Amino acid sequence: MIGAGMAGLAAAVELAEAGDELVVLEASDGPGGRVRTDSVDGHLLDRGFQILLTAYPEAQRLLDYDALDLRPFAPGALVRIGAAFHRVGDPLREPTSLLDTVRAPIGSPLDKARILALRRAATSGDLAELWHRPETSAAERLREAGFSTSMIERFLRPLFSGITLDSSLGGSSRVLEFVFRMLSTGDAAVPARGMGAIPEQLAARLPAGALRLSTPVAAVSDSSVTLENGETLSAGRVIVATGMTEAAKLTGLDDRGWRGVTSVWLAADEPPITEPMLVLNGSGFGPINSMAVMSQVSPNYAPPGSSTIVVSSPEIRPGLVADMRRQLASWFGPAANRWTELRIDEIARAQPTHPVGHDRTGAIQTGSGIWVCGDHLRDASINGAIGSGRALARSLSDAGAG
Ligand SMILES: Cc1cc2nc3c(=O)[nH]c(=O)nc-3n(C[C@H](O)[C@H](O)[C@H](O)COP(=O)(O)OP(=O)(O)OC[C@H]3O[C@@H](n4cnc5c(N)ncnc54)[C@H](O)[C@@H]3O)c2cc1C
């Protein structure tokens, strides 16, 4: 197995627990791939702002949520519009909170009824049926549902693109319905000690010695792996779980393109917002998409007497961070200029695109006999990556039985 991201770890755990002997070769110095957490000056920084939606069915099947000590965000969001923040209740999970939302200048009363209709559509039927519904773009799906431009621009676009990094809303409407279903039926949460606790939990389930870190792979065939240091290992089966671009290099599969993000991590003496809430930019101006004071969600994210803030933008460009800081100062006043930068994460390959027509096979065997899994073969999320790894383990046990 090549790659110890969420897909590779999910496949490896299932295969090892079914009795297969395996070795996971990972290029970097730790498990998790795109889901890792670093400690910087006592602050926990995830690699880019990420959340676990607790309703993810594949995550529920594989992870021990209690051991992760999940800390939920408060339902709803604080939406910046004009010169003020407006609390938007969580009409998806608590229809009664519509009353809160009615007071926010976001959409019309009709829009609020349409949210309930979208919630009904997203939560009806089983998930397999949702992924086979007639498909269009997310933007078209929202227009068909009748939402006003203000509702889309002030709330739905920032909310959806904060999770999927698809600010164009040009990707599949099925992803939109899936995300709305997850938001309607569970929490947005992080493990108390950061997102990296998720892959670490899986890595701890592997047999001793099965995970080899700092071991980059240069080339593969159906029965052998050549490491970058020139060593060749032979194997009964070779599984590539590297992420899309590296899988394309190793196996010749397509690289269909990525969505990127910039996340800026900041330290402040005082939390600018005391609630553990997602902040969305509904103003239509400026580079910021979302913001969260992570230490209000889980105090472990900051050392005593400090707060850890993460601010994200769908752009990656020179001058972006200065523009983000200017926007923060316009929201929070001069105090925001005193927040110190802990780290800037510019992640060009954050999530593979999910265009209309994308086939969510989950796992495949290439013409040359190499097995492949990863979020690019399902959907760009922790759930998609785990689902792909589990689909691979199922295909191999079927292949073994056959
Ligand atoms: C900034 C950001 C925000 C996100 N937000 C969310 C979110 O809020 N919620 C959500 O559910 N999902 C989110 N995602 C998506 C989610 O993190 C990914 O879909 C998922 O982690 C992908 O897992 P993977 O195993 O398919 O790939 P990866 O995590 O890319 O794992 C591939 C692994 O293979 C290793 N590798 C690559 N090449 C080689 C080689 N040649 N030899 C050996 N090893 C190699 C890599 O080092 C890596 O460890 C976000 C992603 C990012 C980056």
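The radius of gyration is taken over C-alpha atoms, and the globule rule is 2.2 Å times the number of residues to the power 0.38. I looked this up first: for 402 residues a compact globule would have a radius of gyration near 21 Å, and the chain has 21 Å, so the two agree.

Notes on the source. I am working with a predicted model, in which local features need pLDDT of at least 70 and side-chain atom pairs count only at pLDDT 80 or more, while totals for chains, interfaces and linings use all residues. Residues are numbered from 1 along each chain as its sequence is written, and side-chain values use heavy atoms, with hydrogens and water left out.

Whole chain. I find 14 helices and 20 strands; helices (H or I, at least four residues) and strands (E, at least two) are DSSP runs, numbered from the N terminus. Buried residues (under 20% relative accessible area, 1.4 Å probe, protein chains only) make up 56% of the 402 residues.

H8 and H9. I checked how these helices pack. Two packed helices are described by the angle between their axes and the distance between the axes. The axes (lines fitted to C-alpha atoms over the stretch in contact, with angles from 0 to 180 degrees between N-to-C directions) of H8 (residues 149-164) and H9 (residues 173-185) come within 11 Å and cross at roughly 90°. H8 and H9 are therefore roughly perpendicular, a term for angles of 65 to 115 degrees. In contact (heavy atoms within 4.5 Å) are, among others, Leu156 and Phe160 of H8 with Val179 and Phe180 of H9.

H11. I counted this helix (residues 244-251) as mostly covered, since 6 of its 8 residues are buried. Strands E14 (258-268) and E18 (340-352) are among what covers the buried residues. Just after H11, Gly252 takes a positive phi of about 85°.

Asp375. I placed this residue in the loop between strand E20 (371-373) and helix H14 (382-401). Asp375 counts as buried because its relative accessibility is 7%. Not counting residues up to four places away in sequence, Asp375 touches Arg34, Pro352, Ala380, Ser381 and Ala385.

Technical notes
Buried < 20%, exposed > 50% of the residue type's maximum accessible area, 1.4 Å probe, protein only. Parallel < 35°, antiparallel > 145°, perpendicular 65-115°, else oblique.
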